[in-house]
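I wanted a plain record of what I looked up in this structure, spot by spot. My notes follow in the order I made them.

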Amino acid sequence: MNSRIFLSTFLFLFLAVACLHAAPPSGLLTDLLEHTDRVWLDGYPSTATLAERGTLIERYQTATIYSEKPAFSWIVNDERPDVLQTAYRILVGSDPAKLDKDDADLWDSGKVDGDSSIAVRYAGKPLPTDAVIYWKVKTWNNGDEQPFSAVKSFLTADKLVDYQTAVYPLQKTEQRPILVERREGYVFIDFGKAAFGRLRLTITSDDARIVTVHFGEALKDNRIDRKPGGTIRYSEYGIPLMKGTHTYSIKFRPDKRNTGPAAVKMPDYIGEVFPFRYVEIENSPGHFVLSDEELRKFREQLSERLKDKSEFRGAFTANVNEVVREMVHYPFDVTASKFKSSNDILNQVWELCKYSIPATSFCGKYVDGDRERIPYEADALINQLCHYGVDREFSLARHSHEYLIEHATWPTEWILQSVLMAYYDYLYTGDIRSVEKFYKDLEAKLLLPLADPDTGLISTKTGKQTPELLKSIHFNGTELRDIVDWPHTGILGLGKAEGGEADGFVFSDYNPVVNAYHYESLVAMSQLAEILNKKDDAEKFAKQAAKVEKSFNEKFFDSSKDRYVDGIGAEHSSLHANMFPLAFGMVPRERKKSVMEFVKSRGMACSVYGSQFLMDAIYNAGDAEYGLKLLSSDAERSWYNMIRVGSTISLEAWDNKYKPNQDWNHAWGAAPANIVPRKMLGVEPLEPGFRTVRIKPQPGGLETVDATVPTIRGPIRIRWENRGRNLTVNLPANMKAEVVLPSDKTTRLGSGEHRIVLEP
């Protein structure tokens with residue numbers, strides 16, 4: 001009897017322990033999309049299923065899969081330490097009921113040994129077109145079989161192709177104001193943050209009057225600024241009221257510039273949008289509908305905003321629930337990332353830059369803000385890295401990058417950035433298909449026909465630009481021009497006496513900034529060619545990169561000044577001529593100290609675009625204290641200044657004086673959204689798809705940090721205390737890490753939570 005009890009107890013404990021780590025995969029992606037099973041009704045996620053779409057009378061949107069052989073990815077879940085997936089099995093079918101019984105009529109991969117959980121390509125029967133497909137996956141973790149995941153569905157296109165990026169429809173999120181206040185002659189409304197969207201108002205009126213509604217991004221003297229300057233937005237509309245209680249929707253007028261031929265247009269199920277935070281309503285009736293109980297609740301909600309609750313008496317006569325903004329954005333998970341540190345300014349900067357990513361995704365492609373709504377490579381590269389830093393979402397970055405491959409813009413450096421975007425896309429997703437499809441286009445973007453045969457350095461000023469070259473890179477203009485940074489002196493409202501953002505850069509035939517980009521793109525292209533087993537190309541690009549690096553250091557470095565100059569034989573040294581080679585790893589070890597000293601001497605002598613590469617350079621050089629100083633600066637040329645001037649989305653420039661035509665909704669000003677996770681926290685993929693991650697924390701003077709960094713394999717959690725002396729790293733299953741400590745000692749970790757105490 002006792003032995004039976006012991007045996008039963010043992011089996012119970014064994015099963016209990018087994019259940020602790022018996023977890024099905026989650027976060028299933030089909031062609032990089034997680035929510036393929038969703039149906040949207042005019043931008044709102046709905047309860048409708050893909051199978052019901054044929055019965056819907058409403059206008060609906062779905063994410064459609066176009067690829068004949070889509071790629072599947074998933075998160076391996078296991079709380080045990082040092083867990084790797086040792087095998088997987090994928091089932092794909094046309095009937096969810098059969099799939100529930102493990103009957104797959106399209107593909108049963110069988111048990112496949114290995115740790116592949118990212119970009120596993122479909123290998124079954126030809127997928128039917130315009131059909132709902134169902135799939136699920138199970139894993140073996142450290143040899144132990146796990147349950148199947150929940151079934152995920154996706155919709156195929158009516159015509160399938162070898163490969164095409166899938167994207168989500170745009171989404172609407174309803175938002176209520178944080179403040180609705182009746183002032184003398186008008187109602188003032190504050191949504192707390194700016195957003196691109198539309199507005200609905202519910203108003204009760206005893207007569208048929210016309211009310212005037214003002215929209216704006218900026219305030220002046222505690223009212224909406226009617227003449228904010230630049231491309232900061234303001235507009236007004238009249239609403240003819242009907243007697244009684246009615247809900248009104250504002251139809252925004254299209255802007256000629258941002259709805260032109262090259263602009264990305266809004267889809268019909270969304271309509272035209274406008275960026276605004278504040279609303280004022282003039283000539284409104286004496287009240288919106290508001291009961292005594294609703295007024296009490298409203299007062300309670302806003303009590304923290306006012307010191308004296310007596311101010312509520314008669315002042316607030318509008319129901320917050322009757323003023324609704326429909327924010328338009330690409331689907332975004334606000335819970336995917338977090339960052340909180342002991343530095344309050346840094347925390348505010350992080351939140352500003354994180355919010356800027358969904359807030360500027362309103363077009364379904366990365367665009368340059370509201371002035372033009374045109375994609376540019378420089379905006380897209382920074383936007384891409386920032387998006388990776390704040391959400392587990394990759395399709396918008398890839399879609400924007402592929403659009404730009406075929407819609408190139410004029411700056412020489414930005415053509416080269418297409419190669420860098422392709423490289424980062426593969427590094428973060430582990431999915432090489434985009435590179436496979438656009439390989440020849442990316443090779444053309446290296447601009448090798450512009451290279452000097454002896455030095456390897458490229459130039460747009462030596463007669464080598466040809467129509468054939470411009471056609472090969474899909475550029476429809478007449479010539480490429482070097483940009484370095486933007487804007488330059490004397491343009492876009494800057495007088496000749498006012499400095500631009502290039503730190504006095506002196507242009508010549510051979511430009512060190514362009515050639516730093518050329519070197520970096522050659523290195524990236526060599527690695528991509530190697531992955532695709534194009535050995536000859538990989539060797540060719542690597543040799544050319546080595547030639548460029550050698551010539552760069554011979555031609556542009558001035559030994560008498562211990563820094564790089566702006567051109568061959570030039571006298572002037574700019575921040576840009578030095579920060580770009582430092583950011584791209586071109587500076588020999590013995591020169592790093594002097595180059596970094598010069599970089600620090602120039603401060604933030606670059607634009608918000610240039611700051612991306614300045615911060616890369618600083619952290620790559622290991623100067624965490626200076627990096628923290630700039631990230632948390634409250635100077636005029638700082639991210640905190642964007643908050644101080646009143647914006648809640650990153651600006652196009654540090655301040656209006658540095659770009660008089662700037663807008664207040666430009667994601668290329670949001671660099672900390674990627675610098676914090678990539679450089680300060682030090683989380684970067686060493687192997688594609690985060691199979692192995694490098695974590696090199698550089699906390700500087702921060703006492704504490706608590707952060708979550710999203711990855712395609714699941715979130716990485718990092719905490720440190722005592723200026724990084726006490727480090728905690730929590731890795732998801734099926735991931736390895738190399739943790740680089742301040743002493744440059746590398747510690748290798750498996751999944752799970754790890755606590756590291758560093759020596760003082």
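**Entry 1: Leu447**

I began with Leu447, which is buried because its relative accessible area is 0%. My cut-offs: buried means under 20% relative accessible area, exposed means over 50%, and partly exposed is in between, with a 1.4 Å probe and protein chains only. Leu447 sits in the loop between helix 9 and helix 10. I also looked up its backbone: phi of Leu447 is near 60°, a positive value in a residue other than glycine.

Helices here are DSSP runs of H or I with at least four residues, strands are runs of E with at least two, and both are numbered from the N terminus.

**Entry 2: ground rules and confidence**

The model is predicted, so I note that local features need pLDDT of at least 70 and side-chain atom pairs count only at pLDDT 80 or more, while totals for chains, interfaces and linings use all residues. Residues are numbered from 1 along each chain as its sequence is written, and side-chain values use heavy atoms, with hydrogens and water left out.

I checked pLDDT, the predictor's confidence in each residue, from 0 to 100. The mean pLDDT of the protein is 92, and 91% of its residues reach 70 or more. Over residues 1–19 the pLDDT is below 50, and this stretch has zero contacts in the model beyond near neighbours in sequence. Residues 306–321 also have pLDDT below 50, yet that stretch has 37 contacts in the model beyond near neighbours in sequence. A contact means heavy atoms within 4.5 Å.

**Entry 3: the whole protein**

I counted up the secondary structure: the protein has 18 helices and 34 strands. Its C-alpha trace spans about 95 × 80 × 60 Å along the principal axes.

How does the radius of gyration of the protein compare with that of a compact globule? For 760 residues such a globule would be near 27 Å, and the protein has 28 Å, so the two agree. The radius is taken over C-alpha atoms, and the globule rule is 2.2 Å times the number of residues to the power 0.38.

Of the 760 residues, 59% are buried. Among contacts with a separation of 6 or more, 70% are between residues 24 or more positions apart. The protein exposes about 31,100 Å², and carbon and sulfur atoms supply 50% of it; I used Shrake-Rupley areas with a 1.4 Å probe, and for residues only the protein chains shown count as cover.

Charges next: I have 95 positive and 105 negative side chains, with the centres of the two sets 1 Å apart. Lys and Arg count as positive, Asp and Glu as negative, and His and the chain ends are not counted. Each charge is placed at NZ of Lys, CZ of Arg, CG of Asp or CD of Glu.

Is helix 6 enclosed or open? Nine of its 11 residues (helix 6 is residues 395–405) are buried, so the rest of the structure largely encloses it. The buried set includes Arg398, His401 and Glu402. Those buried residues pack against helix 5, helix 7 (412–429), helix 8 (433–437) and helix 9 (439–444).

In helix 5 (residues 377–390) I picked Asn383. Asn383 counts as buried because its relative accessibility is 1%. Neighbours within four places in sequence aside, Asn383 is in contact with Ile357, Thr360, Tyr366 and Ala667.

**Entry 4: loop residues**

Asn665 lies in the loop between helix 17 (639–644) and helix 18 (672–680). It is buried, at 0% relative accessible area. Not counting residues up to four places away in sequence, Asn665 touches several residues, among them Phe196, Glu217, Thr360 and Asp370.

Ser116 is in the loop between strand 9 (112–113) and strand 10 (120–121), and at 38% it is partly exposed. Leaving aside neighbours within four places in sequence, Ser116 is in contact with Trp74, Gln85 and Tyr88.

Where did I find a cis peptide bond? It joins Trp486 and Pro487, with omega about 0°. Pro487 is in the loop between helix 10 (467–472) and helix 11 (512–531).

Asp562 has phi near 60°, a positive value in a residue other than glycine. I placed Asp562 in the loop between strand 25 (557–558) and strand 26 (563–564), and at 38% relative accessibility it counts as partly exposed.
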